[in-house]
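Hello,

Please find the structure below. My notes on it follow.

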Amino acid sequence: MADYDYDLFTIGAGSGGVRASRMAASHGAKVAVAEEYRVGGTCVIRGCVPKKLFVYASHVLEDIEDAEGFGWTVEGAKFDWKTLIANKDKEIDRLNGIYIRNLAGSDVEIIEDRAIIKDKHTIHLVNQNRDVTAKVILIATGATPNIHEVPGHELAITSNEAFHLEELPKRVVVAGGGYISVEFAGIFNGLGSDTTLVYRGEEILRGFDDDLRTHLHAEMDKKGVDIRTGVVFERIDKTDDGLAVTLSDGSVINTDAVMFAIGRNPNSKGLGLENAGVEFEPNGTIKVDAFSKTNVDNIYAVGDVTNRANLTPVAIREGAAFAETVFNNNPVAVDHSCIPTAVFSTPEIGTVGISEEMARQQFGRVDIYKSTFRAMKHTLSGRDEKTMMKIIVDPASDRVLGVHMIGPASGEIIQAVGIAVQMGATKAQFDATVAVHPTAAEELVTMKTPEPQPEAVAAE
């Protein structure tokens with residue numbers, strides 16, 4: 001057997017790469033991980049974690065406004081963007097340090113350098129100008145924000161830069177209709193920016209259940225976000241007063257900042273993968289099988305660079321499965337069919353399973369249980385915000401196919417509900433569960449009457 005410098009060489013120290021490297025090392029492998037920026041990846045450094053901290057900050061103003069209904073008087077409250085940025089940076093530095101210590105504590109060598117593949121077993125470290133060899137190579141380089149290259153696109157920012165703005169823009173235009181765009185629209189709006197969301201499609205959050213999409217749109221509109229659908233950017237111009245965005249319908253929006261959140265591209269270019277003969281999908285993602293192996297028998301890939309389900313917990317699960325498969329002789333394939341997830345919009349979304357549209361396509365007739373109500377908190381706060389919960393059931397088997405909700409703590413609730421849906425729980429089992437009262441979540445076990453079937457509604 002050939003001798004190599006490492007049993008595993010991982011390129012990219014994000015969530016998936018770190019988990020895979022640590023677990024492989026725990027199984028006795030000699031492991032190194034190369035990272036050219038900071039250990040922790042998109043999620044920790046410039047994604048989920050700082051985003052969630054910003055979401056918390058954006059909710060405080062509403063909490064202050066709601067306080068009056070509960071007898072509180074709050075005077076003199078003010079927001080300082082620089083304080084938020086400094087505290088966020090301090091927390092990210094802390095987490096970055098934890099990731100570094102965890103890798104070191106697992107006997108994983110961290111190489112702060114750009115790594116390029118020379119052949120299926122050889123990696124070139126650019127800054128150090130040296131080569132190393134590995135029996136197995138793992139690509140875990142994630143993805144990067146996409147830019148719509150219209151005239152003036154260089155004047156725009158992405159989520160990467162949004163975390164480091166020197167000042168909070170008074171006016172901001174967010175382009176996109178997915179997770180990141182609706183989340184940042186809620187963040188900017190909640191912090192006091194005059195916020196416009198521009199999306200080319202008919203409705204935001206394509207791919208989600210239609211009731212979630214329309215409900216979020218309505219709630220964001222009530223909170224003051226100007227949502228414009230069915231239009232795209234034509235150009236961005238610098239003006240004496242900031243920026244001017246011209247849309248395809250001829251309208252012009254004057255703003256202080258433009259943020260593109262129109263999807264992400266896989267970080268698969270410039271890695272030298274073609275030198276080893278690795279195959280790509282047409283969109284640039286790396287082709288892998290159920291065990292994250294590429295067409296090259298010793299090169300694997302996990303996380304967003306493979307575009308299976310671009311979520312941090314999925315990358316972590318894929319990294320763990322890879323280590324079990326390759327270094328513990330325990331083949332594990334990740335099930336991507338039933339993934340609970342949250343969108344930290346305002347209000348937030350929790351969802352697991354398939355949408356009503358997908359359910360009707362796959363099963364034909366399905367039962368829909370839906371409840372829209374005012375959360376108990378807002379009976380005193382007076383806020384005009386509605387919570388919505390929806391359960392999709394296959395009437396033939398009584399199995400719950402999907403649960404979709406929008407309202408406070410939806411992300412927390414859907415984690416537990418996801419366990420039940422993953423286990424194949426039935427509607428009868430939901431109904432047999434005692435409600436926790438008074439909570440919003442009790443609606444999930446107290447909805448007893450399905451909505452009329454579409455054909456019945458049409459007949460009326």
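Helix 3 has a kink of about 25° centred on Val-60, where the bend at a residue is the angle between axes fitted to the seven residues ending there and the seven starting there. This is a predicted model, in which local features need pLDDT of at least 70 and side-chain atom pairs count only at pLDDT 80 or more, while totals for chains, interfaces and linings use all residues. Residues are numbered from 1 along each chain as its sequence is written, and side-chain values use heavy atoms, with hydrogens and water left out.

Helix 3 covers residues 48-67; helices are DSSP runs of H or I with at least four residues, numbered from the N terminus. Its 20 residues reach 28 Å from first C-alpha to last, close to the 28 Å expected (1.5 Å times one less than the number of residues). The buried residues of helix 3 include Phe-54, Val-55 and Glu-62 (buried means under 20% relative accessible area, with a 1.4 Å probe and protein chains only).

Now the aromatic rings. Rings of Phe, Tyr and Trp (its six-membered ring) pair if their centres lie within 6.5 Å; planes under 30 degrees apart count as stacked, over 60 as edge-to-face and the rest as tilted. By this rule there are nine aromatic pairs. Phe-322 and Phe-327 have ring centres 6.0 Å apart and planes at 80°, so this pair is edge-to-face. Both residues, Phe-322 and Phe-327, are buried.

Regards

Definitions and conventions
Helices (H or I, at least four residues) and strands (E, at least two) are DSSP runs, numbered from the N terminus. Buried means under 20% relative accessible area, exposed over 50%, partly exposed in between (1.4 Å probe, protein chains only).
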